[in-house]
Amino acid sequence: MSQILLHVGFPKAGSSFLGQWFHQNPNFIFKDFAICGFNNTQELMNMAIKHKDFDSKVFVLRDMKFSSPQSNDFTEINNIEDFQKKTAKTLHTLFPKAKILIVTRGFESALKASYSQYIKEGGLLKYNKLIENNKETKWFPYNYTYLIKIYVNLFGSENILILPFELLKNNSTLFIKNIETFLNIQYFSFCPTINNQSLTPQQITFMRKINNVVYLTFFLLGPFHKITYKLYLKILDKHKTNNWNNFIFKLFSKLFKPEKFNFIFTKEIKDKFKEHGHLLNNYYEYKNLKKEYHIAEI
């Protein structure tokens, strides 16, 4: 019998790796930015004509925005938890018998990796300033406890698999095996390519300075500023998953002293992280990750 898998992704939590696995694995029907592998009804009909073994397939639907949209993407929503809840309810209405995959990442590691991605996409702010701005908003996405409870209540705990990105990083074979067992699908030999790696501190410093120079230069163009800067961001977006490791980029980035990530987690923020991660203490895969998810004291 065919299955539907909803991958509720978080920023920098293995989405590129899983995307390759979904694409290459014959057990799955998948296409990025599409509904269960289909861009439109014509593609669905074409697939129906060509394939006779739909019953054995897993149809994948995923989007990082299920968990982590930007506040300006949905101006009519006041906070991210409201958005996450409404999204989950909509997904349940459309796919009530779906399986759910949620991959988390330790808080501090996730913040730093997300900052790297922010810079890749044209970000201008230093790390400390960006974190300071974000913690004042209601769009901090990493309340794993809240999100998991929503999906458990809607889909049932037996239909939800929670895995840490740290397991993928340390033992990708075991990470994949967990998903295969969860979906009851056959083993598929998979050799991923490294994709969308985080920038080094030197590269972050170099790239952020480039972004600021470009922004200020385009600003001098007057009325053409927005158009030209949007073009620059579009180019960055097109290549953001490329590894920034070519010779010239490496050479010039080494000339810059890396900015320090000196963000100090206050007691208030640490307490919030404990609240956001404490439910993960119930899952076996997190028994050695209490520090990463601030659940050591629980």
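I began with Cys36, which at 7% relative accessibility counts as buried. I placed Cys36 in the loop between β2 and α2, and I noted that its phi is near 55 degrees, a positive value in a residue other than glycine. I keep in mind throughout that this is a predicted model.

I found Asn184 in the loop between α8 (172-183) and α9 (201-219). Is Asn184 buried or exposed? I recorded Asn184 as exposed, because its relative accessible area is 70% and the term applies over 50%.

**Entry on the sheet.** I followed the strands next and found an open sheet of five, in the order β2-β3-β1-β4-β5, with parallel pairing. I noted β2 (28-29) and β5 (160-164) as the edge strands, each of which pairs on one side only. Looking at one end of that order, I saw that β4, which covers residues 99-104, runs parallel to β5 and is joined to it by five bridges. Within this part of the sheet I noted that Thr104 stands opposite Pro164 in β5.

**Entry on a helix over the sheet.** Which strands does helix α6 lie across? I traced α6, residues 144-155, and found that it lies across β1 (3-8), β4 and β5, while its direction makes an angle of about 170 degrees with β4.

**Entry on salt bridges.** How many salt bridges does a search of the whole structure find? I wrote down three, and I took them one after another.

In one of them the side chains of Lys31 and Glu43 meet, with 3.0 Å from N to O. The pair links distant parts of the chain, since Lys31 belongs to the loop between β2 and α2 (41-50) whereas Glu43, twelve residues away, belongs to helix α2. I checked both partners for accessibility: Lys31 has 29% relative accessibility and counts as partly exposed, and Glu43, at 24%, counts as partly exposed as well.

In another, the side chains of Asp32 and Arg62 meet at 3.2 Å, again from N to O. Asp32 lies in the loop between β2 and α2 and Arg62 in strand β3 (residues 58-62), so this pair ties together parts that are 30 residues apart in sequence. Here I noted that Asp32 counts as partly exposed at 30% relative accessibility, whereas Arg62, with a relative accessible area of 12%, is buried. I call Arg62 buried because its 12% falls under 20%.

The remaining entry concerns Asp82, which forms a salt bridge with Lys86, their closest N and O atoms being 3.7 Å apart. Where do Asp82 and Lys86 lie? I found both in helix α3 (residues 80-94), separated by four residues, or about one turn of the helix. Asp82 is partly exposed with a relative accessible area of 26%, and Lys86 counts as partly exposed at 46% relative accessibility.

**Looking back.** I return to the loop between β2 and α2, where I placed Cys36, Lys31 and Asp32. Of these, Cys36 counts as buried, while Lys31 and Asp32 count as partly exposed.

Methods
Residues are numbered from 1 along each chain as its sequence is written. This is a predicted model: local features need pLDDT of at least 70, side-chain atom pairs count only at pLDDT 80 or more; totals for chains, interfaces and linings use all residues. Side-chain values use heavy atoms; hydrogens and water are left out. Two strands pair if DSSP finds at least two bridges between them. Helices (H or I, at least four residues) and strands (E, at least two) are DSSP runs, numbered from the N terminus. Contact means heavy atoms within 4.5 Å. Axes are lines fitted to C-alpha atoms, for helices over the stretch in contact, and angles run from 0 to 180 degrees between N-to-C directions. A salt bridge is a side-chain nitrogen of Lys or Arg within 4 Å of a carboxyl oxygen of Asp or Glu. Buried means under 20% relative accessible area, exposed over 50%, partly exposed in between (1.4 Å probe, protein chains only).
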